[in-house]
Every structure is written in C-alpha cells, then in structure tokens.
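Biologist: Let us go through this model term by term. I want each label set against its cut-off.

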Amino acid sequence: MSEELLNLTLHVWRQDGPNDAGRFETHQANGISTHMSFLEMLDVVNEDLIERDKSPIAFDHDCREGICGSCGMVVNGVAHGPQKLTTVCQLHMRQFDDGHEVWLEPWRASGFPVVKDLVVDRSALDRIIQAGGYISIRTGSASEANEMPIAKAIADQAMDAAECIGCGACVAACPNASASLFTAAKISHLSLLPQGQAERQDRARTMVAQMDAEGFGGCTNHGECEAACPKGVSLQWIARMNRELVRSMVRSDSGTKSGRR
Amino acid sequence: MQRALTLHQTTIGKKVVMALSGLIIVGFVIGHFLGNLNLYRGQEALDDYAHLLQSLTPVLWGTRLLLLFAFGAHIVSAFSLWSRNMKARGSRYKKHQDMATDYAARTMYWSGPILLLFVVYHLLHFTILPEHPGEVYRNVVEGFQNPWIAGVYITGNIALGFHLFHGIFSAAQTLGANHPRYNAYRRDAAIAISAAITLGNLSFPISVLAGFVTL
C-alpha cells in the first residue's frame, strides 16, 4: 500500500477536569502519513502544540498493540473509530481521506468521569472486577496442565468471553451508557470454567450490584456495544449474565459467604 | 427476603419484570386479536363472542386483574429504568453514529407512551363508554367508519407493531434465551408475531373504511 500524506482538521474535546464544562478545539493535522496509527497522528499534533507552548491533547494509551485496553476515544461518533474489531491505537490513517474533518470525544458516561480531554477514569470497571471477577484459591506453583480437563467447546467459549480487554467502548457506544457487555463477559468467562464454580452465585450478585452502583444504565438490547467492541465480545454473554443472576437468586454457593449474606 | 428484594433492585431484575409482564401482555394481545377475527364472521358471531366473554365473570375479571398487574409492573419498571438510563450518559455526544440499533429499538420510549394513551382511549371507546352498550359489532363498525377514530387505531397499532418487535426480541435476550444456533429464529419469530398481529389488527379499521365490513 503506497504512502500518502493527509491534511486533516481535528475537532478535539478539551476538558480540564471532571467539573470543567469542556469545549471543542480545532487543530490542523498536516502532512500525516497514511502509515501512521491514529495515536501517532495525535503524537504529531501534540509535538506541534508543545512547540507552540500549548497544552497537548491528553489521551490514554499503553501497549499500542490493541491488547491492553488503555486507549479509546470516540472518533466521528464511533467508539474506537471506523474500523471494526480494532482499537483506536491499531486504527491507521489510511482509513481517512485527505481534507476530512475528524471529531474526537472522550467516552461519555456518568460512570466514567473525564480526567482530562480524552482521558476518562475507568476505575468503575476495576471496582466491578473487585466485586467478584476473580477466583479465591490458594495459588502456589502452577498446577499440572491436564489436571483439570475442560472440554474444548467450553474452553473456547470461555476464551471468547475472556477476550474483553476492559477498554470501556461498550459503555461509550451504549445509548444508556450501560456496562452490561463488560460485566457479562467477565461473569460468563468465570462461570463457564470449573475454577469459577465455587463462587458462581456470589459473583453474579456482587458484580451486577457493583455495576448498578457505579451509575451505569441498563441494557435495552440495541447491540451497539457488540458492534463497537474491538474484540467482538458477543451479546450472548449478556443473556448468560441475566441467566446467571436469576440463577443466583434461587441457589447459593456452598461454603461461601452467600448463606450468611 | 433479602434475595428477592435484591433481584428487583437490580437493573437486570427490572428487565426481567419488563420481559415477563411484557410476555403476559403479548399473550393477551394475541388472544384479543384472534377473538376479534369474529368481526369477519358477522354481527351475530362477534356479539355472541362478546357476550360469552362477559358471561365468564371469574375469567373476565381474572384476566383484567392480571393485565392490570402486568401493565403496572411494565410501566413502573420502564419508568425506573428510563430515568436511570437518562442519567447514565451524563453529557451528550456532539457526533454520534448508530452501528447496530434499529428504528423499533430507538423508539421504544415513544411507542410505549403512545400505546398507553391508545389503550386508555380504546378502553374508553369500546369498554367503559361505548356508544351502544352490548352492541359490539355496531360500535366497532360505526366507530371505524369515522376516519379520525380509524386513524387513531391505525396509529396505535403501528406503534404496537414496532413495540412488539423490539419487545419480543428483547424479552428473549433478557430472559437469557440466546444461543448462536437459535438466534436467527428468535429475530424471525419476533418479526413474524409482531407482523401478524399488526397487519391483522390494521385490517379491522381498514376493512370498515374500505366498506368490506358494514352494518
């Protein structure tokens, strides 16, 4: 694919903190190679801003390989931008045409207060995990790989759910800013595997309760989350989460806190 | 006690209430439509059917109470979820592009209140304040001969169609009926049920307006 140079007009959301009203600023991104990633394009714009003694555009990023879940912004009204199954760090500028206007906004959700510009505080997702997205076992050295056989079909399903990288695009894309897809993927992943059975009922109850406590909306089955998800996490996990929660109301885990709750 | 309370307090529990109460109403709507087909069998058939229903007092009032309960639960849960969902976004996007949602899903908050108004009108029109008490066929035909009244019924049933389509599909998802092998049928079933009921119900005012059904 041959390289071209693009000149783009960026309309970037600038916000100094969670209580600042925020506004759009317009910046030019000139001479952008189509081989650059979207974040590299922002690096170029930021270099220019820094040289002109202006505050650079803040955005989250870490691995830039599409696997860590740190990056994320709404590009022209779509979480992670126009390319399907791709995080914004793996979105490349060849997806854009010369002269285009590009609107950049942070994930907008009450559960994700803006830290600065395009950076939002996603610790609500961490608290959902802390509420039950783990298994309590003695760790020690790694057990023998074939000690606990898991059917291939089940292992594949659990892996599909475990693909979630916790980027929050589902919340950003949902008309209700619901964290259902995230929570559902985590609950499903563990409920499918034998290691997750011990705390299965408690997990469904506590993670759903935390999801609601964080102020996220409810699911209304639009499917926007699934379409925006860079990892293709499926709506089927939300159906499974619903089943898990209802099941947890009529069953309890043996030997865990749920009996006393 | 704590447990039952917890389910209803969660967003998912409220959605389960929406789904179950919705399915009760869908069941009624199907039965209501099938019974109304007596319109095409003539005045005597429809009036006899109506009198039969009136004579089954325990069934009639049992159904009415169940429906009242289902409507109440459906509306209370919908309002609770709606007010929560309104707050969850915070600030609105300047640019927003829909990727997967459809017209029926996006307009649930409109089709719902429209349906509530329609049901109230429908009850006043035929059940509570009928023009000629006991003469169901005459009330229906004379009512639908008025294009304004027919228009209200046509609008109400179009809203019903969209609401049913997303509602039936959603109820299956909410109640956990999701499996890659059956998901295509789930959507097809929602389309088939909502289309059959909507087109069937629309046929009543249209038949009267077109002069196929007369006094």
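Modeller: Start with burial. A residue is buried if 20 or more other C-beta atoms lie within 10 Å of its own, exposed if 12 or fewer, and partly exposed in between, with C-beta atoms placed from the backbone. Helices are DSSP runs of H or I, at least four residues, numbered from the N terminus. This is a predicted model: local features need pLDDT of at least 70, side-chain atom pairs count only at pLDDT 80 or more, and totals for chains, interfaces and linings use all residues. Residues are numbered from 1 along each chain as its sequence is written, and chains are lettered from A in the order in which they are written.

Biologist: What makes helix 6 of chain A mostly covered?

Modeller: The count does: 12 of its 14 residues are buried. Among them are R200(A), D202(A), R203(A), M207(A), V208(A) and D212(A).

Biologist: What span is expected for helix 6 of chain A, and what does it reach?

Modeller: The expected span is 1.5 Å times one less than the number of residues. Helix 6 of chain A covers residues 200-213 and reaches 20 Å from first C-alpha to last, close to the 20 Å expected. G215(A) follows this helix, with a positive phi near 85°.

Biologist: What makes a nonpolar core?

Modeller: A set of buried Ala, Val, Leu, Ile, Met, Phe, Trp, Tyr and Cys residues, joined through C-beta atoms within 7 Å. The largest has 92 residues; C170(A), V171(A), A173(A), L181(A) and A228(A) touch the most other members. Helix 8 of chain B gives the most to this core, nine residues.

Biologist: Which residues does V171(A) contact, beyond its neighbours within four places in sequence?

Modeller: Contact needs C-beta atoms, placed from the backbone, within 7 Å. V171(A) has such contacts with W107(A), F112(A), F182(A) and F216(A), among others.

Biologist: How many residues does each chain give to the contact between chains A and B?

Modeller: Chain B gives 38 and chain A gives 41. On the chain B side, helix 4 supplies the largest share, six residues. That side divides into 14 nonpolar, 15 polar and nine charged. Ala, Val, Leu, Ile, Met, Phe, Trp, Tyr, Cys and Pro count as nonpolar, Asp, Glu, Lys and Arg as charged, and the others, Gly among them, as polar.

Terms used:
Contact = placed C-beta atoms within 7 Å. Helix = DSSP H or I, 4+ residues; strand = E, 2+ residues; numbered from the N terminus.
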